[in-house]
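Okay, everyone, let me put this one up on the screen. I'll talk about the sheet, then about a single residue.

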Amino acid sequence: MAGEPQDDCLFCKIVAGTIPATIVRETATTVAFRDINPQAPTHVLVIPKAHHENAAALATADPALTADVLREAQAVADEEKLDSFRLVFNTGSGAGQTVWHVHAHVLGGRGLDWPPG
């Protein structure tokens, strides 16, 4: 069920503390941690503590939590002293989503070309 922890979800396990991560920020509703395969000097994932499959599902189910994730992405960028950054939500396997728990990638610290991919 949406919002409930999933036993087979890597990010739910990070939220629960059963899988370690390098946490950079945590609030009552979100966790931000360093990506284990960084694609830029700063590459932090911001996730809601509640399980939602992707960004579209989260936005539909809980707009306030969606705003929390975005607010925390900005807070990460501020703490990392990023003048500019890219915020990415991959939705679906064709877009590169590999963990089915919504997460925002905060990428910065180098030039980021456009288009991505």
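Predicted model: local features only at pLDDT ≥ 70, side-chain atom pairs only at ≥ 80, totals over all residues.

**The sheet and one threonine**

Numbering starts from 1 along each chain as its sequence is written, and side-chain values use heavy atoms, with hydrogens and water left out.

Back to the strands, which are DSSP E runs of at least two residues, numbered from the N terminus, while helices are H or I runs of at least four. β3, residues 42-48, pairs with β5, residues 104-108, antiparallel, over five bridges; pairing takes at least two DSSP bridges. The whole thing is an open sheet of five strands, antiparallel, ordered β1-β2-β3-β5-β4. β1 (23-26) and β4 (85-88) are at the edges with a single partner strand each, so one side of each has no neighbour in the sheet.

Helix α3, residues 63-79, lies across β1, β2, β3, β4 and β5, at about 155° to β3. Angles here run from 0 to 180 degrees between N-to-C directions, with axes fitted to C-alpha atoms, for helices over the stretch in contact; contact means heavy atoms within 4.5 Å.

Now, T30, in β2. Is T30 buried or exposed? T30 counts as buried because its relative accessibility is 1%, and the cut-offs are under 20% for buried, over 50% for exposed, partly exposed in between, with a 1.4 Å probe and protein chains only. Leaving out residues up to four places away in sequence, T30 touches I47, P48, K49, D68, V69 and E72.
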